[in-house]
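Good morning, and thank you for coming. Please look at the structure on the screen, and I shall guide you through selected parts of it.

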Amino acid sequence: MAGYLARRLTLAVPVLLGILFVTFALARLLPGDPCRSALGERATEQICEAFNERYGLNESIPEQFRIYLRDVLSGDLGESIKFGRPVTELMVERLPVTVELTFFAMLFAVLIGIPMGLVSAYYHNSSVDVLTMITANIGVSMPVFWLGLMLSYLFGVAFRDTVLWLPPSGRLSAGISIEPFYAAWGMSVNPDALTLPGFIANINTLNALLVQDWNGLGDALRHMILPAMALGTIPMSIIARMTRSSLLEVLGLNYVRTARAKGVRETKVVLKHAFRNALLPVVTIIGLSLGSLLSGAVLTETVFGLSGVGRILYDSITGRDYTVVQGFTLIIAVIFVFINLVVDTLYAYLDPRIRLE
Amino acid sequence: MQRADSLPPEPKLTTADAAVISRPPKSLWRETLERLIRKPSAILGLVILSTLVLIAIFAPLIATHDPLAVLLDVPEEGVEKRMSPCIHLFGCPEAGDTVTNIDVGGPITASAVNVSSSLMLSATGSNVTIWDTENARRVMEMDHEAPVQAAAWSPNSQKVLTASGAELYVWDVNTRQLNRTLEHPGGADLVMWNADGTRFLSADQETVMIWDTLSWNAVGTIELDGARIAAAWNANGTLVMTASGSQVQLWNAFSGTLINTLDHDAPLTSASFNPASTRILTTSGSSLYIWNASSYQQELAAEYSGPLDHGAWLENLSRGVRKVLATSGSTAVVWNAVNGDLLLELDHGAPVERVSGSPLGTRILTHGEHVVRVWNATNGGEVMAVELEDPISNTAWESSGGAVLVASGDTLRVIKTSDYEYIMGVDGNVRDQFSRVIYGTRLSLLVGITTVSFAVVFGVISGAVAGFLGGWVDNIIMRIMDVMLAFPPLILAIAVVTVLGPGLVNALLAISIVFIPAYARVARSGVLAVKEEDFVTADRALGVSSVRILFRRILPNAMAPLIVQATLGIGTAILDAAALSFLGLGAQPPTPEWGAMLGAERNQIFTAPHLVFYPGIAIMITVLAFNLLGDGLRDALDPRLDR
Amino acid sequence: MKHSNDTLVDIRNLKVYFDIKGGLLKRTVGVVKAVDGVDLEIKHGEILGLVGESGCGKTTVGRALLRLIEPTDGAIYFDGQNLAALSQSEMKPFRRKMQIVFQDPYSSLDPRSKIGDIVGEGLRVHGIKDAQERHQRVLEALQMVGLTEEHMRRFPHEFSGGQRQRIGIARALVLRPSFIVCDEPVSALDVSIQSQVLNLLKDLQKELDLTLLFIAHDMSVVEHLCDRVAVMYLGKIVEVASREELFRNAQHPYTQALMSAIPIANPKVRRERIILQGDPPSPLNPPPGCRFHTRCREAIDLCSQEIPPLLDLGSADNLHLCACHLRQPQPSGVERPTTTAEPAV
């Protein structure tokens, strides 16, 4: 197992190097002059000269890459041209939003998707099965941004003045703020620096839980429901389909037939004998979807007015904020690679046959 | 050949072999297709897909409008909302449902609707009130000293002209003030603006006065020989037409001098211009005539079995509709305006007081004393019938043709019809949403297929070469693919589009590039699997070249998973292209692309959800079709997965 | 090794090693010696059987012979030309003369090509541009194996296993080769079909004056068909003799064990069956000395120390080669030729 992990880690090294190169190249390839786009069209030559000097933009490209590599390895992702703040600071602010969104989306997907698949497989070829699979098929075919808009219309407008009303945008209602847990606990933490407490405090629901602000928690959760549903629908459908097909395959295996022949109740056959083994491909799919959720996050965050990673990436790419583009694509790609690694390792752990290859 | 005879008897074909031979030769593709069409979901996918292809091909015929044309010159407040057919999920009014019901508070003596149908006015006794059609709210009150006989909207809806006693009142709708009063001796019972609102006419039974709105003077007065039957402006305001006795007369609108007289054998019952004012329709006795309005020649004459009371045009030249209507007792008659053929006879069941054609020329409205009916102008079918207790005083088409406005007794009503105009409403730029959605099909199918083809070609070449050659080539190619796969696809696509610059073509390129690794991986694993098959070794033993082995032998056999992946990939490509367009990086306005349409109207989600709803549904259906087909193909190509 | 004029194929010290890659940097961590120093001579117009357990390297010998697998070392003389020294393009003219028939008739035919194209591919490659001529020659080849013109337009999945194998043979025959490697051509077929295909091969061999290397693991098939038989164990030849000699007088303990496993169609005849203990050792790490000594019931100490050379035990006109320390040529039985022995790996 350790050998497998080590091999996977070594394989990740050239990929990570490639990612560093691509993020760097991507940022340099963005058309337009970063100085003019940051300081306005009327910035003078001298001002731009000083600007380029400050951000190291008048070095040669290989030199820039060298400096970039050195800085990244020492944990310095540079300073945002537009915000004038270190990229790491922005990450403390933005990353938690996306992490929270992704978590709840995944939670939604798993909590709905797996039971859907189970029911579908249990009532194989019945109308329930057909209906569930139609739902799942529609679920994977929906544009995320459209679903988000429709949900915010449905719950924000059509259900206005009913108990079903949900806030269609933002993270917290106006007038509600949750005290950072480190302040409540009397810890001294620099809220701007890239620290774990700062990161956790920006995950509203978790922070509210830590300081036991039930009112704040409720509000934060209510704001999470629609974005999580919008983002979670595609993985939900994929998980439902995967659970169903993998369960059906396992149900056809001899050991399950043996269990049935022994007179084990069908519910027990499905839940106890088959389900655990059927879960293996589902775990992989969950991992793979987790990565692709980041794509959907850009759209979901745009629709629901959440300032997360996706949103800042889109803004900085279109606004030519080099350092932010570099920093955030890098962190996303690294997270992506890391998730894949975890999934593969988990899979290898669950299925010893994989390790032999 | 003697060979077979010298062989031992065993190699002779058995009966089972003979049975095999009697079947026609069948390729694997054909078998796959046969398996495919046994799957209901795949059939559904194929059906949807072929429908979409047909829609894409015949988009110009299906679309009711030009997808890029702005429908009205001035987009008015709330116009898109009113024209929306609403989302059926939340309960939509159907044909015959009253969507607005205004109790005026007294018997309506006159009523009128403005050009965009956003405002209605009603006259009750000496009071005239302007109502908001949408929410039945009172917009403006206009009090007069004497009972009001007539009222009219100026073409830009800024002014209202009323006739009360011997006075004409000009009201300013913006300031809600009386602008001025003018005098029409004898008291007008008809007031009418010309097309640009620079002039208007007022008429009593025997006199027609022409007014100018710059000087507010009467520029001409027309004295008729007999009782007035009709009076009207032509479209550009140069002519005034009047009808009295058995004569239609045309007058110069600037000088008030007679230009021409069109004589009829019998007394006239009606006379009217067509919408473009190129022709005049008259009814007289049991005959119907069409005159050319510039040469004053009679172009057409038609006879009917009964006397004709009221004529009207049913014309929409842009859609090729050229018909005329007339009423005879309780029947409405439809003729072809070009050759005079009698097309339809619609039985209203009671004497028809008025007949009118919808703005698009697709529906006919008739009303008697108590019943309003709407008919299909093509096949004569009845679309709706509404019976009202109070006598009907006036009916008019709503400007979109999606509703009729009915005044009866004390009440003004807006009654929904199901005219298929603006099936999906109009967007923020007042373009027909339905036509745009229809044209969007072309783009989406094109986007899906081109991006995936591009990605498949490059992915398959790189993946196949990597798998076939192996070694360091394989290593380098697949490491590059790994790096590309390390980025979330949409973010990579956004970055690529930003580098290339926004636009549909660049968005397609970006999506293709992002898709390449997926196909490369599938192609590579397919090639690796097939490479070791004996039939490939057999080719090598024969001395077949590597290139030929790869492209003629290995790739066709590694194709099945690629086809599945590509079909499913088309759906994803359409979604991603829509997402890029939604973010403003793909198709640029005014291109009718679904994602771009959604993006442009996303701020209207709370006021006009249908503008977001329909393009999204269209995307979903298209993607669903490809997904169903892809799933079906996967099962058909690999029967082991059939479950 | 004797070399006479009637030798068509002469394999000398053929070695085929496969690298096992592993570890972090995909370094070679081991070598599978699939074929480890094989000497074999095939005479014009004979059917040479090559038998052994699965995994002993007999298929690898067959494929290395046709350069379908690159030999690591050694020489392959075909008509006096060393094939092992040729490039793949220089190999091409020789491919007309030597062909292969595969074991599995299901994977050896491209499921997406028609029979006519499958059989005609060789003609196309070897420059027969004229479609008419190709058609004629494909038809001839198909008729030779008992198929008809009608079959040319069909796809492989429309045929039974036996018919498919005949198509495979037709594909090999269409170039009119002089030498065909038959890689267990009947072992994947039903027993009832096996004899059809075997008889067909035998007839064709006579008719067309073919030389066959017939790879098999079934001794009864070999007995039915072959003129001479070579027995292989774990990458090495242990015994070569004419069919009569081998079946009458098998020398090597391994061959004897194989012989004892042939079922006899007479229930009254009782024969001692030699049951080999355990699995053959891994070719990744073959035992030192005689490779068979771990399972040989006659093994002595010497067997685990020195590799026995292949020596002729027979008479001048009846060659009988055997590689065993315990079977020495008469009368010079005590002499132990160590010159050809290799160091144990």
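Predicted model: local features only at pLDDT ≥ 70, side-chain atom pairs only at ≥ 80, totals over all residues.

Let us begin with a single residue. Setting aside its neighbours within four places in sequence, Thr132(A) makes contact with Met116(A) and Ser120(A).

Where does Thr132(A) sit? It belongs to helix α6 of chain A, which covers residues 127-141. Is Thr132(A) buried or exposed? Its relative accessible area is 10%, and the cut-off for buried is under 20%, so Thr132(A) counts as buried.

A second residue of chain A deserves attention, namely Arg94(A). Arg94(A) is placed in helix α5, residues 87-122. With a relative accessible area of 10%, Arg94(A) is buried, because that value is under 20%. Which residues does Arg94(A) touch, if those up to four places away in sequence are not counted? They are Phe83(A), Ser307(A), Gly308(A), Val309(A), Ile312(A) and Phe328(A).

We now turn to chain B. This chain is divided into two domains. Domain 1 is made of residues 39-71 together with 430-642, while domain 2 is made of residues 107-416. How far apart do the C-alpha centres of the two domains of chain B lie? The distance between them is 55 Å.

Between Pro589(B) and Pro590(B) the peptide bond is cis, and its omega is near 5 degrees. As for its location, Pro590(B) is in the loop that runs between α12 (546-582) and α13 (594-601) of chain B.

Let us proceed to chain C, and take the chain as a whole. How many helices and strands does chain C contain? There are nine helices and 12 strands. Along its principal axes, the C-alpha trace of chain C spans about 65 × 60 × 45 Å. A compact globule of 345 residues would have a radius of gyration near 20 Å; chain C has 21 Å, so its value agrees with that expectation.

What share of the residues of chain C count as buried? The figure is 55% of the 345 residues. Turning to contacts in chain C with a separation of 6 or more, we find that 63% of them are accounted for by residues 24 or more positions apart. The accessible surface of chain C amounts to about 15,000 Å², and carbon and sulfur atoms hold 49% of that area. As regards charge, chain C carries 42 positive and 43 negative side chains, and the centres of these two sets are 4 Å apart.

Asn13(C) has a positive phi of about 50 degrees, although it is not a glycine. This residue is in strand β1, residues 7-22 of chain C. Is Asn13(C) buried, partly exposed or exposed? Its relative accessible area is 31%, and it is therefore partly exposed, as the value falls between 20% and 50%.

Leu234(C) likewise is a residue other than glycine with a positive phi, near 50 degrees. Leu234(C) lies in the loop between β9 (228-233) and β10 (236-242) of chain C. With a relative accessible area of 5%, Leu234(C) is buried, because 5% is under the 20% cut-off.

Thank you for your attention.

Methods:
Residues numbered from 1 in each chain as written. Chains lettered and ligands numbered in written order. Heavy atoms only, no water. Helix = DSSP H or I, 4+ residues; strand = E, 2+ residues; numbered from the N terminus. Rg over C-alpha atoms; globule rule 2.2 N^0.38 Å. Buried < 20%, exposed > 50% of the residue type's maximum accessible area, 1.4 Å probe, protein only. Contact = heavy atoms within 4.5 Å. Areas by Shrake-Rupley, 256 points an atom, 1.4 Å probe, with all protein chains shown as cover. Lys, Arg positive; Asp, Glu negative; His and termini not counted. Charge placed at Lys NZ, Arg CZ, Asp CG, Glu CD. Domains from an automatic or database assignment.
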